[in-house]
Amino acid sequence: MPQQRRTDRQAIVAASIEVLDERGLDKLSLHAVAARLGVRQPALYHHFHDKQEILAAVATEVLARWHTDRLPEPNEDWRDFLARNSHSLRRAMLAVRDGARLLVVAGPRAPELTNAIAQVSLLERQGFTGADAILAFIAVSRYTIGATLEQQSARDGSAILFPDGDLSPEAAHLVQLAEQVAVLGPDHEFSTGLNALIEGLDPHAAD
């Protein structure tokens, strides 16, 4: 058995992140976390009721460590903040194996109140109604989580695949375009969609 490590909530969460990175979300077991800490599994229940509570704490810790751009700068353009906030959330999910799935199944369901007030207020000051500001954040966060979930779980690295065999000139052209997109990479792909979404949210677009 590994040498026993300090066992408290913080140590359990840290060990859970290590196991998550090594084994993935589906194989993250309390037995493996306890073994990593050098203790028996019942020792975990002195600090957490069950696995779901540990996963919730892990999701919170992942966001705390890597989702660092949650607050707008003074007088920041709303477009810049939505993009910066979204890239920060994506960075947090990509920092750990199966990070997007972790947030979907165990992430916080209520916003952090201080952050939410600052975020919504920024958009309201720049022409959004309160409801539209909230809807904008919902749209961007769902795009960010969905795109990252697909990137982390897609087969073939999310490559665009075509059937083998002789291709018509039109199909061959599509293959070349798909290769060009693959070279640009997932970061570029994500940013393209994000920028298009943000521009579509502009409250002054129809003026």
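Leaving aside neighbours within four places in sequence, Val58 is in contact (heavy atoms within 4.5 Å) with Val13, Ser16, Ile17 and Leu102. The structure is a predicted model, in which local features need pLDDT of at least 70 and side-chain atom pairs count only at pLDDT 80 or more, while totals for chains, interfaces and linings use all residues. Residues are numbered from 1 along each chain as its sequence is written, and side-chain values use heavy atoms, with hydrogens and water left out.

Val58 also belongs to the largest nonpolar core, which has 32 residues. A nonpolar core is a set of buried Ala, Val, Leu, Ile, Met, Phe, Trp, Tyr and Cys residues joined through side-chain atoms within 4.5 Å, where buried denotes under 20% relative accessible area (1.4 Å probe, protein chains only). Together with Val58, the residues with the most contacts inside this core are Ile12, Val33, Leu37, Leu44, Val62 and Leu102. At least two of the core residues are supplied by each of α1 (9-23), α2 (30-37), α3 (51-66), α4 and α5 (99-106); helices are DSSP runs (H or I, at least four residues) numbered from the N terminus. Another core, of 15 residues, lies apart from it and includes Trp78, Leu122, Leu123 and Leu194.

Trp78 takes part in the contacts of α4 with both α6 and α8. Helix α4 (residues 78-94) packs against helix α8 (residues 169-200) at an angle of about 145°, the axes being 11 Å apart. Axes are lines fitted to C-alpha atoms, for helices over the stretch in contact, and angles run from 0 to 180 degrees between N-to-C directions. In this contact, Trp78, Arg79, Leu82, Ala83, Ser86, His87 and Arg90 of α4 meet Pro186, Asp187, Phe190, Ser191, Leu194, Ile198 and Glu199 of α8.

Helix α6 (residues 113-125) packs with α4 at an angle of about 150°, with an axis separation of 10 Å. The two helices are therefore roughly antiparallel, a class that requires an angle over 145 degrees. Here Trp78, Phe81 and Asn85 of α4 meet Gln119, Leu122 and Leu123 of α6.

The axes of α5 and helix α7 (residues 130-153) come within 8 Å and cross at roughly 130°. This pair is therefore oblique, the class left once angles under 35 degrees (roughly parallel), over 145 (roughly antiparallel) and 65 to 115 (roughly perpendicular) are set aside. Gly99, Ala100, Arg101 and Val104 in α5 meet Ile145, Thr148, Leu149 and Gln152 in α7.

Key: Buried means under 20% relative accessible area, exposed over 50%, partly exposed in between (1.4 Å probe, protein chains only).
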